[in-house]
Amino acid sequence: MIQEIQDKPGQQRGLAICVSGPSGVGKGTIIRSVLARRPSIRHSVSITTRRPRPGEKNGIDYYFVDHPTFERMIADDEILEHDCYCDQYYGTPRKPLAEAIGSGLDVILDITVPGSLSIMQKIPECVTIFLLPPSFSELENRLLKRGTETDDIVRKRLEKARHEVTMADRFQYLVVNDDLAETAQRILAIIDAEHCRYPYQAGIEQVVLAR
Ligand code: 5GP
């Protein structure tokens, strides 16, 4: 459990929403679409040692750092969870996530499967969503079409994807990303439903009775 979440009196805590799924499934595009439809939701900007892709901006898509900086941040406990994915580090900055949740904002994390498992330990009330491609061959096409990785990295990502899909049963929700608009809508429906769950709303019935 993370200690830094400072709940404000009368303020419900925001949700930490972990979105995992194999590389190429469209997590980034889906998350952007969810954020565009619901601007009150925040995106947890991760720290990574991988190089920026064309068009990616530091501080918006990721915080791009070198290996020594990442290791120093781990040592200083600035990173809530981290994973090494295809030889590069990725991690969730601790403070902005804790602050956003504490002030009632929902935050989406684009995160590897081990990263989601780690968040489940640290924030047990988190919401976990696994995105699946319509088929494995479609995933391969999407990764090749993206053209942002070398053939060797595409091969590594595909190998990893097969393993990641076998971990889907660890998640609360599975969504097949067949159609961007429909997938984004489903994720928003999950978030709305989570806000209506009893533990989240607990006590509201007393407030209603007192009115
Ligand atoms: P990409 O290089 O395609 O942007 O990301 C590679 C993988 O790293 C994706 O599966 C993405 O979800 C994951 N990732 C991005 N940020 C984080 C993070 O902060 N923590 C973890 N564990 N995984 C992350």
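**Legends: the ligand and its surroundings**

View 1. The largest pocket is the space taken by the ligand. The model shown is predicted. Around the ligand there are 16 residues, and those that come nearest are Ser-46, Arg-50, Tyr-62, Tyr-90 and Asp-110.

View 2. Pairs of N or O atoms within 3.5 Å are taken as polar contacts. At Arg-50, an N or O atom of the side chain is 2.6 Å from an oxygen atom of the ligand. Gly-91 takes part through its backbone, with a polar atom 3.0 Å from a ligand oxygen atom. A nitrogen atom of the ligand lies 3.0 Å from an N or O atom in the side chain of Thr-112. On its own the ligand has 520 Å² of accessible area, and the protein covers 95% of this.

**View 3. Make-up of the shell.** Seven charged, five polar and four nonpolar residues form the shell around the ligand. At least two residues of this shell come from strand 5 (79-85), and at least two from strand 6 (88-93).

**View 4. The chain that holds the site.** Nine helices and nine strands are found in the protein chain. Its radius of gyration is 18 Å, close to the 17 Å that the globule rule gives for 211 residues, so the chain is as compact as a globular protein of that length. Along the principal axes, the C-alpha atoms of the chain fill a box of roughly 65 × 40 × 30 Å.

How values were computed
Residues are numbered from 1 along each chain as its sequence is written. This is a predicted model: local features need pLDDT of at least 70, side-chain atom pairs count only at pLDDT 80 or more; totals for chains, interfaces and linings use all residues. Side-chain values use heavy atoms; hydrogens and water are left out. A residue is near a molecule or strand if one of its heavy atoms lies within 4 Å of it. A polar contact is a pair of N or O atoms within 3.5 Å; within protein, one must be able to donate a hydrogen and the other to accept it, and residues adjacent in sequence count only if both atoms are side-chain atoms. Accessible areas come from the Shrake-Rupley method with a 1.4 Å probe; for residues, only the protein chains shown count as cover. On a 1 Å grid over the protein atoms alone, a cavity is a set of points where a 1.4 Å probe fits but cannot get out, and a pocket is an open set with protein on both sides within 12 Å along at least five of seven lines; lining residues have an atom within 4 Å of a point. A molecule sits in a cavity or pocket if more than half of its atoms lie within 2 Å of its grid points. Helices (H or I, at least four residues) and strands (E, at least two) are DSSP runs, numbered from the N terminus. Ala, Val, Leu, Ile, Met, Phe, Trp, Tyr, Cys and Pro count as nonpolar, Asp, Glu, Lys and Arg as charged, and the others, Gly among them, as polar. The radius of gyration is taken over C-alpha atoms; the globule rule is 2.2 Å times the number of residues to the power 0.38.
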